[in-house]
Amino acid sequence: WDGTIPSRAVATEAAIQKINNKAAWRVACRLYDLGFRKQKPLALGKQTFPTAALKSFQQSIGIKEDRRDGLPNKTTWIKLFGKDKPYFYLEDN
């Protein structure tokens, strides 16, 4: 992980539309660093959103089962990155 917190909106778009963007890569890298993703992330621009790994992370932080959808939410983002970044920023594109 390069230390940049991705926009939650951009990450959600990557997850839903299966887009390979910086946000998906950053989430994959962070989950790999924390041990929730077993495979090393693919190169930037090739990495899809790690939905299954995010679901495991959501379980570990106590997100209710019916809310563990593998999509970014505010609680998940704060636990994963230390703060929320909900809006679109150009550097996340």
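Analyst: Let us begin with Arg 26, which has 7% relative accessibility and therefore counts as buried, since buried means under 20%. Please bear in mind that this is a predicted model.

User: Which residue forms a salt bridge with Arg 26?

Analyst: The general idea is that side chains of opposite charge can pair when their charged atoms come close. In this structure, Asp 2 forms a salt bridge with Arg 26, and the closest N and O atoms are 3.0 Å apart. Asp 2 belongs to the segment before helix 1 (8–17) and Arg 26 to helix 2, so the pair ties together parts that are 24 residues apart in sequence.

User: How many salt bridges does a search of the whole structure find?

Analyst: The search finds two salt bridges. Besides the pair already described, Arg 8 forms a salt bridge with Asp 84, with the closest N and O atoms 2.8 Å apart. This pair links distant parts of the chain, for Arg 8 is in helix 1 and Asp 84 is in the segment after helix 4, 76 residues apart. Arg 8 and Asp 84 are both buried.

User: How should I read the packing of two helices? At what angle do helix 2 and helix 4 pack?

Analyst: One reads the angle and the separation of the axes together. Helix 2 and helix 4 (residues 74–81) pack at about 60°, and their axes are 11 Å apart. That angle makes helix 2 oblique to helix 4. The crossing of helix 2 past helix 4 is left-handed.

User: Which residues make the contact?

Analyst: Helix 2 contributes Arg 26, Val 27, Arg 30 and Leu 31, while helix 4 contributes Trp 77, Leu 80 and Phe 81. These residues divide into five nonpolar, no polar and two charged.

User: Let us turn to a loop. Where is the place of Gly 45, and is this residue buried, partly exposed or exposed?

Analyst: Gly 45 is in the loop between helix 2 (22–33) and helix 3 (51–60). Its relative accessibility is 43%, so Gly 45 counts as partly exposed.

User: What separates the C-alpha atoms of Gly 45 and Asn 20?

Analyst: Sequence separation and spatial separation are to be read as two separate values. Gly 45 and Asn 20 are 25 residues apart along the chain, and their C-alpha atoms are separated by 5.3 Å.

Methods: Residues numbered from 1 in each chain as written. Predicted model: local features only at pLDDT ≥ 70, side-chain atom pairs only at ≥ 80, totals over all residues. Heavy atoms only, no water. Helix = DSSP H or I, 4+ residues; strand = E, 2+ residues; numbered from the N terminus. Buried < 20%, exposed > 50% of the residue type's maximum accessible area, 1.4 Å probe, protein only. Axes fitted to C-alpha atoms, helices over the stretch in contact; angles between N-to-C directions. Parallel < 35°, antiparallel > 145°, perpendicular 65-115°, else oblique. Left-handed = near helix turned anticlockwise from the far one by under 90°. Contact = heavy atoms within 4.5 Å. Nonpolar A, V, L, I, M, F, W, Y, C, P; charged D, E, K, R; others polar. Salt bridge = Lys/Arg side-chain N within 4 Å of Asp/Glu carboxyl O.
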